[in-house]
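Visitor: I would like to learn how to read a structure like this one. Please show it to me, and I will ask about its features.

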Amino acid sequence: MSTVFSQPHFIFGLRKGVKNNLCFVDEQTVVFPSGNSCVIHNTVKRWQRFIPGLEGSLGLRALALSPNQRYLAVSEKAEKASVTVFDLHQEHGLKRNVLTAGDFLVQEFLSLAFSPDSKYLIGQSGAPEWLLIFWSWEKNKLLATEKTTNSNNPISQISFSPHNNMQVCVSGNGIFKLFRYSEGNLKQNSIAKVGSINILCHTWLSEDRVIAGTDTGRLLVSQSGDVRREIKMCSEAAQGQNERNLEVRRIKAGNVTEGVAKCGITAILSYSKGFVCSTGPGTVSLFEKIEDNVYRKSREIQILPAPASSDSAPARCQEIDTMCMSPAEETLAVSTDRGQLYSINLSSAEMKREEQLPFDFLSQPFHSASITGLSICIRKPFMATSSLDCSVRIWNYETKELELYKEFREEAFSVALHPTGLFVLVGFSDKLRLMNLFIDDIRTFKDFALPGCRECAFSHGGHMFAAVDKSVIHIYSFTSFENILNLNGHFGKVRTVEWSFDDSRLVSCGADGAVYEWNTHTGKLECETVLKACSYFGAAFSWDYKTVLAVGTDLILREIQDCQVLREVPADAVAHTALAVSQSGRVVFTGTARGTVRAVTYPLPDQKEWITQQAHCGPVTRMVITYDDQFLLTASEDGCLLISKIVDQKGRGLRSNRQIVHTEEILVTKADLKERAHNMLELKMHLEELHMEKEYQLRLQDMNYKEELQQMSNKFTEEIKSLKTTQQILSTEIEQCEQETQLNSAEVEVKHCKDLKDLDQFYTSKLTVEHEKYEDLLQKHKEMQEEYETRLIHAHGDRTQNLAEVTQMYEAKLQAKTQQMNKCQKEAELRIREYEETIRQTAEQEQQKIYTMKDKYEKQLQSEKEAITKLKGNSGTMTQKVHNLQKQIDDRLSDITSLKKERHTLMGFIRTLETDICVLKKQVSKYKKICQEKDKIISSLHIINQDLQKLKIILEFKLKDMKKQIKPQQVDINEKAERIQKLEEELILITNSSTRLKVTISELRLRLRTKDKEIQKELQRVQDLTTLLERVRSDLQVCASLIQDPRKLKDNILMIYFRYASGTESAKRSSAVDDAQKGMCSQCGQLEMTVSSLQKKLVRSAKEHEDVYTRMMKDNMALVTEINELRKALHAERSKEKDSKVQQGLLQ
């Protein structure tokens, strides 16, 4: 077996077609199916745990999470379907139980649900059985089964009542049934007349109310199993409200005009405030309960189109598949039919009720269709994928994030990353495109006319790339984009292309059963192996690039060297679809048509030896191993991208000989840089404006504080006067209170003494009376006991005598009857013998006699049996009499116990009276203590009053000093404020002058540009004239050579005349050019002079502006320091005022 294998580490993608495919384990962790496993994903820490599926299963069908968030039930399709329950609190998802349908042949379970206490589980099987199966899963016991429907009306959902473990709801196309488990069977409670209504989902709102959503957007309400009501929009909106409420009314009500949704309600969920349901493609609405039958639509949340998409249609066309809410009801998560996961924080949604909040991705945006291409680069931890969902995505396998993605209008068939990670090559249905990977976008740089390119690859050096056009391999230069070579040799489609490490060779395989090795310098075929019976899916070089490994439709893994097959791994029942070789040369990974990944040792074994990993639920399309041998990347037709860690038997990663350094460079266009610089300047200007505004606000606050100080000083003086008056009033009131307390205390003491005496007399008399009653009851109790004892003795004696007599009588009768029976039996035996002897002689006569004798004896037996039954009846009557006597005895005993209870209650009443007396005594002592404490408080208040008077005098002196100090500071503040206003006016003038200068400079620059353009035009004209002159010279030289031949000379002269203009026109042109040049030179000189003078002015104005700015800053700093000192003084005064108020409060 292989010592190196792969373990699942992280996966991108959601498996579609699974019922209830998203569940919350806690506030930060969710469970969803991906590939051939259930994934436990933490959204904050970005880690995943995998629960793999069973071997041989045909895929997941449904999930269910228990209400306590501990157990997960998973159903898988197979020849005999099963449901597996996992304990999520264990580290590796410990398997608890595997449940089956018993003797029934069930192939799949379409829906699952746990009971509220998590002890029971129900499952709905598929066609043709449609069985509802009820398990006690902890005991692995099947409790009951019931057929719910036929194949014409499929079931969509089942659920337990959240308040009852034994009540189950089943809904589907024309079906809405309630079942109850009792006496070992699932019994149907009620049959709702749903008719042809297709119910897609339902949820429980209370113990007897269920809401169901239909394919036409209706919300039906079931009350105790009877579907007679419907939730719809009211015909009129409430006054003062924009949104219309929902009401529960009868289905035939005439005032209901509008439904909840215009299309099918595919998911519905209840929570503490109401319920949530899907009201259209990509939209979810929250409804809050106002009254018993009235709901309010509180918010509508939508899935917005992706920013990288070219069209907004795909996001809006997503149907909501499953909804779930976190245990604390803070997060709502949603899965769609396009394999995407979204979430929203409900607490933030409640805070921002006025704004429209969209859904955010729960982790990353996934592929929604088959992944067709996968590629990595050496300089960055990036992997690129292309898919039939018309998107190209760049992932980071170290941070487990999506770096870039973009959606196109055409399907993407292949992808290749440049070794630097800055460029990507993508094969679309119309052409092959080379694109740049910018910081936030993927943009096309170069197009190649290769429609439907299904395979492309960059060389390891990045200077070349290969692209496949059906059966031809084109090799292009990355620098010049020229087609260097065309490799023709395959007769079928080329499926795989791979470069050697030194880029000197290239291996290819195709559907024609050929594996070729090409020389990329010459374009010649170096090695070939052809098997017409096999169609190859993948080929790759070995780790030392000496041999080639290939897999195909004949289910065999081959190693080829020098056009010969070296080794073969024997065939298996599953076909290999992809291939990857580790850089260390220890292991070869293959992907299969069932989605599994196999790790085979290298060199290849002779037998079937490999380690299998459950990876995907569809055929593996692409496989790549990273350059450091740490991760295996696999893509599949199920749209999932799996990152697996390559480890040995001890769980350690492989060591690589290569030292790989990842870079962080990115591509940015000049336009983007200019935009960002412009945005930075705007932000700086905005900052300066805010700074000025805040300084102005500080000045206003200072002014307000001064006014408040004056108001506070006036208030304090008035309060001091009022406190003096209140102090005098309090002193008089305290004296009056002292006198009143003294009088009241004397009166209370007298009253308490009288009340105590009266209570003593009253309770002593009561005690004597109760004691007498108690003695009388004791005497009566003794007499009753004696009477009952005598009666019991007599009754017991009579009973024993009667029983003895009756038993003797019946025993004697029984003995007599038994003797008679024995005699009769003996006589019958003798007569039977006689009859047997006579039968031989006369058979006919004796038969008649035997019948008559049998009748007689049967009658006698019946009479004797009747007598025995009569005796039994008499014995029954006697036993009834005995039972009656025992009942009478029990009644007397109960009377005795009741009397004992009455005595016990009386004793308790006496004890309570004694406790009341003790409580009253304690209250009297408490009143005395309270009076003493009040006297102490009055004396302490006198002392505090004296201290406060002293503090008042001190505070008056301090207030006078503070007023004297504040007056000169106010004068300084006013002077500095005037200075600041003057400086601000100067600043405004300087800014105006600088703006004017800028405008003039821009105008001059425009003039310069126009003049430069005119000069360039004139220079071009001069160049044209020089070229004409050279041509004329050459033509004249030709004419000079033809002096001896006059005819030819004449012809050439005519040709020159017709070609070129006359001498006058050329002279005019030359003179015009000279004049233009002179005018341009003069204008350039003047403009240069004006530009130099303007530059000098700019320098001077900048210096003046800086001087003014420094003065302003210094003045502002001085003002800020003064303001801080004044704030400290204010704070100190306020603290003193608070202390004085506290002391005054104590006095009051």
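Visitor: Is Glu665 buried, partly exposed or exposed?

Guide: Keep in mind that this is a predicted model. Burial is read from relative accessible area: under 20% is buried, over 50% is exposed, and values in between are partly exposed. Glu665 has 47% relative accessibility, so Glu665 counts as partly exposed.

Visitor: Where is Glu665 found?

Guide: Glu665 is in the loop between β58 (641-648) and α3.

Visitor: How many helices and strands does the protein have?

Guide: The protein has six helices and 58 strands. The globule rule gives 32 Å for 1148 residues, whereas the radius of gyration is 52 Å, so the protein is more spread out than a compact globule. The C-alpha trace spans about 180 × 135 × 70 Å along the principal axes. Of the 1148 residues, 38% are buried.

Visitor: How many salt bridges does the structure hold?

Guide: A salt bridge is counted when a side-chain nitrogen of Lys or Arg is within 4 Å of a carboxyl oxygen of Asp or Glu. The structure holds 22 salt bridges. One of them joins the side chains of Glu401 and Arg46, at 3.9 Å from N to O. Glu401 is in strand β35 (residues 401-407) and Arg46 in the loop between β4 (37-42) and β5 (48-52), so this pair ties together parts that are 355 residues apart in sequence.

Visitor: Are Glu401 and Arg46 buried, partly exposed or exposed?

Guide: Glu401 is partly exposed, at a relative accessible area of 31%. Arg46 is also partly exposed, at 27% relative accessibility.

Visitor: Which residue forms a salt bridge with Arg61?

Guide: The partner is Glu108, and the closest N and O atoms are 3.0 Å apart. Arg61 lies in strand β6 (residues 60-65), and Glu108 in the loop between β9 (94-100) and β10 (109-114), so the pair connects parts that are 47 residues apart in sequence. Glu108 is buried, with a relative accessible area of 18%.

Visitor: What is the distance between the closest N and O atoms of Arg218 and Glu230?

Guide: The distance is 2.9 Å, and the two residues form a salt bridge. Arg218 is in the loop between β19 (209-214) and β20 (219-223), with Glu230 in strand β21 (residues 226-234), so the parts tied together are twelve residues apart in sequence. Arg218 is partly exposed at 26% relative accessibility, whereas Glu230 is buried at 5%. Salt bridges can also share partners: Lys406, Asp441, Arg443 and Asp672 are joined into one network in this way.

Visitor: Which residues form a positive surface patch?

Guide: That patch is made of Arg454, Lys470, Lys493 and Arg495. Arg454 lies in the loop between β39 (442-448) and β40 (456-458). With a relative accessible area of 47%, Arg454 is partly exposed.

How values were computed: Residues numbered from 1 in each chain as written. Predicted model: local features only at pLDDT ≥ 70, side-chain atom pairs only at ≥ 80, totals over all residues. Heavy atoms only, no water. Patch = residues over 30% accessible without salt bridge, like charges linked within 9 Å, V, L, I, M, F, W, Y side chains within 5 Å. Areas by Shrake-Rupley, 256 points an atom, 1.4 Å probe, with all protein chains shown as cover. Lys, Arg positive; Asp, Glu negative; His and termini not counted. Charge placed at Lys NZ, Arg CZ, Asp CG, Glu CD. Helix = DSSP H or I, 4+ residues; strand = E, 2+ residues; numbered from the N terminus. Buried < 20%, exposed > 50% of the residue type's maximum accessible area, 1.4 Å probe, protein only. Rg over C-alpha atoms; globule rule 2.2 N^0.38 Å.
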